[in-house]
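Let's take a walk through this structure together, one neighbourhood at a time. Have the viewer ready and follow along.

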Amino acid sequence: MAVLTHSRPGKAPPPAEQPPRRVGFSQRLGRWDVKLSPYLYISPFFLFFALVGAFPLLYTAYVSVHEWNLLGGQGEFVGLENFADVLAQPVFWKSVANTFSIFALSAIPQLALAVTIAALLDQNLRAATFWRMGVLVPYVVAPVAVSVIFGRLFADQYGLINAMLGVVGLDPVGWHSDRFASHLAIATMVNFRWTGYNALILLAAMQAVPRELYEAAVIDGAGRVRQFVSVTIPQIRATMVFVVITATIGGMQIFDEARMFDHLGMGGPSRNWMTTVLYLYDVAWGNQKNFGRAAAVAWLLFLLIVLIGLINFFLTTRIATGGGDRSTVSRKRTNAVIARARVDAQAARAAAGVNRSGTAPPGGAAAPPGAPPSAPHRTGQHDRGEHR
Amino acid sequence: MPSTRTRLPRLAAAATGALTLTALAACGGTGDPAGSGGSGESGDITLTVATFNQFGYTDEMLDRFEEEHPGVTVELITADTSEAARTNLTTKIAAGGEGLADIEAIEVDWLPELMQYPDLFADLSDPELEGRWLDWKVDQATTADGRVLGYGTDVGPEAICYRQDLFADAGLPSEPEEVAELLGGADATWESYFEVGREFVASSDAAWFDGAQPTYQAMVNQLDAPYEDAGSEEPLDLAANSGVQDVYTQVLDAAVGDELSAGLQQWTPDWDAAFQNDGFATMVCPAWMTGPIEERAGGVDGWNVADVFPGGGGNWGGSFITVPASGAHTDEAAELAAWLTAPEQQTEAFGNAGTFPSQLEAQASEDVQTATNAFFNDAPVGEIFAARAEAIAGVPYKGPNYFAIHQAVQDAVLRVDVTGEQDVDASWASAVEAFNALGLM
């Protein structure tokens, strides 16, 4: 701070300030300190980002415009040829379609289920921590173990699920021959692993919703479902967006489950469940050993994720805003309810006034036997019933 | 890959995925074993040996080498599958050789792609070692200009493993000698093998063999130059490759047309389960396959090995150990590699892990010749596989594109036999399409 007070008055008197310009080194250091320190303090983030974010991204871009063999190393500059090659390969497009299909089959039920589970866990439960930890267990199971277990369930000839279908007289499903069935099976593994994880994140958000809102909602006469739709969902909007975005990124990058769905790990003989990342892996480390093309795939995938992420973001924001609208609707209704309550209260007061003046003292036991007007009396009773 | 010796196949795919990361991580972590022993002045060096599955190298064995070579410490690194080892190796080569072990094991099927870069490996040619291995084994690892990139460890001579009890139930002769005779003895052909199969399935609920794909693999391994021209090393146009197409059609006609196949893909849970469900009666059986069968068929009696193989001898699998040129102690590593592949050590390894040695002396040794396998009803496996190894006339030419083209056809076989998505002709057309997409022509 001494530095500051020194330098500022120094600057303030305009040009005739030349002599004191000869500042000492320590003073200059001090000035640098002021100017640079903030940047230094936040630099770890930027260095880290440059190291693990920007550099790989840019280097991948560099690789993608070169011929680059896994073993042979860097070759000639080829411009966008790698991108053109990849886009011309039908397998690439098939892998994109597979990725979307598996993503849709996993993300949608997964989020729906996660929200439901979170809402249930948000209630006052006995041994709440136990249940909350319980939903996280699948996430802790190693993907390899998941694939071993589900591999047995989804085996075509001797699988448990097909055996059970046989018991109820249904035809076995060709989990590895039917394209949609294979996507369903893989999505099941994904859901098994990630639902609990997302549920916990959503639960954390739900716990942060002020309880007064629920009390207010209860007073307004909202049931459980209504509270969930009109209070919980709008309140956890930011977290929902976060979960949807991470689920999107994860869904676009799905690899483990698809890779382990059969022994060859190439998405089946017709590439029926080859996802884009699996395709990338095959191009780079499989038979093509072509890092250039693989880098091109990586960039295409990156752009795709950004695109889908943006679409998702707008959609979820829209949905969440829709929820907000609904909350204004309910506010309107609240006003209406309050207004009606006021009217009722007035009427009740009026009725009470009549009562008190009419049949005042008799303890109120058999209150108003032949009591005067019927209408206010009925509303009074109604009011009381509502209060209870 | 069906062509890889995957002992823990269910984990194979998984591990490959995981290992990509591990391999990358290991780049940083184990970057120094080559250099950690110092510059060699003191004589204290550490040699690392990277293998996969089970090579049969034990700590006791390595201790012996250390005793004979004071100042040398040997460390064994074992990947669980050959696929994992392959990924690890190629990734580290791509990273400039940093972090490679002093000795790297390589499987025969992914050797050709590495043979394109002979400079990555130390030349191990040594006149003193001539005549140690089967000739074709040495040829596989020898470049055109005479550099030897690896020493042979084991080979995979193929026999037929079969279910004695199912044979008997179907009214067929079931003793190993009788079965060998039934399948055609020394003149066994694939046609005679399929013929017996037709007879078998007519009177049994079980299929004749596990799947068309391993059968196809065995048949292709008997062609001289299946997918590539041995002279020019150029890939052959698959659309015009009648040799491969004939084999493809023959195996699928038998598998699907005559319903000889159980329609299983090897190393899948279905395949595993079929061992316990009497799914099939015979299978193509390289020496190392006896391990996986026993692992899956535990509690099932009646497995045996017949000293016969359709179409003559055949080899499936087998490995080499190489010395990456980037290592700090290539001379010492070469010495260790020679020691590990010496007949005594390979004989011991066969006893430990069932890897059939590629060394002539080891094959002829008492220990190997008299080995029996209790699970296979005390079949004299040493004698049988030695005989099967002798029957191997030569091995097919496999160039750098073998893996890619083979996969295209293999996928076609799976589409017909396992998933039933396409018929024989349509699937072949798809294979040609996949081949064209490789852009090799």
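The paragraphs below visit an arginine, a pair of helices and some aromatic rings.

First, some ground rules: this is a predicted model, in which local features need pLDDT of at least 70 and side-chain atom pairs count only at pLDDT 80 or more, while totals for chains, interfaces and linings use all residues. Residues are numbered from 1 along each chain as its sequence is written, chains are lettered from A and ligands numbered from 1 in the order in which they are written, and side-chain values use heavy atoms, with hydrogens and water left out.

Start at B:R388, which sits in helix α18 of chain B, residues 381–390; helices here are DSSP runs of H or I with at least four residues, numbered from the N terminus. With a relative accessible area of 9%, B:R388 is buried (under 20% relative accessible area, with a 1.4 Å probe and protein chains only). Its C-alpha atom is 6.4 Å from that of B:E158, although 230 residues separate the two along the chain. Beyond its neighbours within four places in sequence, the contacts of B:R388 include B:P157, B:A159, B:F309 and B:G312, a contact being heavy atoms within 4.5 Å.

Next, look at helix α10 (residues 212–220) and helix α11 (residues 242–257) of chain B, whose axes come within 10 Å and cross at roughly 145 degrees. Axes are lines fitted to C-alpha atoms over the stretch in contact, and angles run from 0 to 180 degrees between N-to-C directions. Among the residues that meet here are B:Y216 and B:M219 from α10(B), and B:V247 and B:V251 from α11(B).

Now for the rings. A pair of aromatic rings is described by the distance of the centres and the angle of the planes. Rings of Phe, Tyr and Trp (its six-membered ring) pair if their centres lie within 6.5 Å; planes under 30 degrees apart count as stacked, over 60 as edge-to-face and the rest as tilted. By this rule there are 48 aromatic pairs over all chains. One of them, B:W190 with B:Y193, is edge-to-face, at 5.6 Å centre to centre and 85 degrees between the planes. These two lie about one helical turn apart, because they are three residues apart in helix α9 (residues 190–202) of chain B. B:W190 is buried at 7% relative accessibility, and B:Y193 is buried at 0%. B:F275 and B:F280 also form an edge-to-face pair, 5.2 Å centre to centre with 75 degrees between the planes, and both are buried.

Technical notes: Buried < 20%, exposed > 50% of the residue type's maximum accessible area, 1.4 Å probe, protein only.
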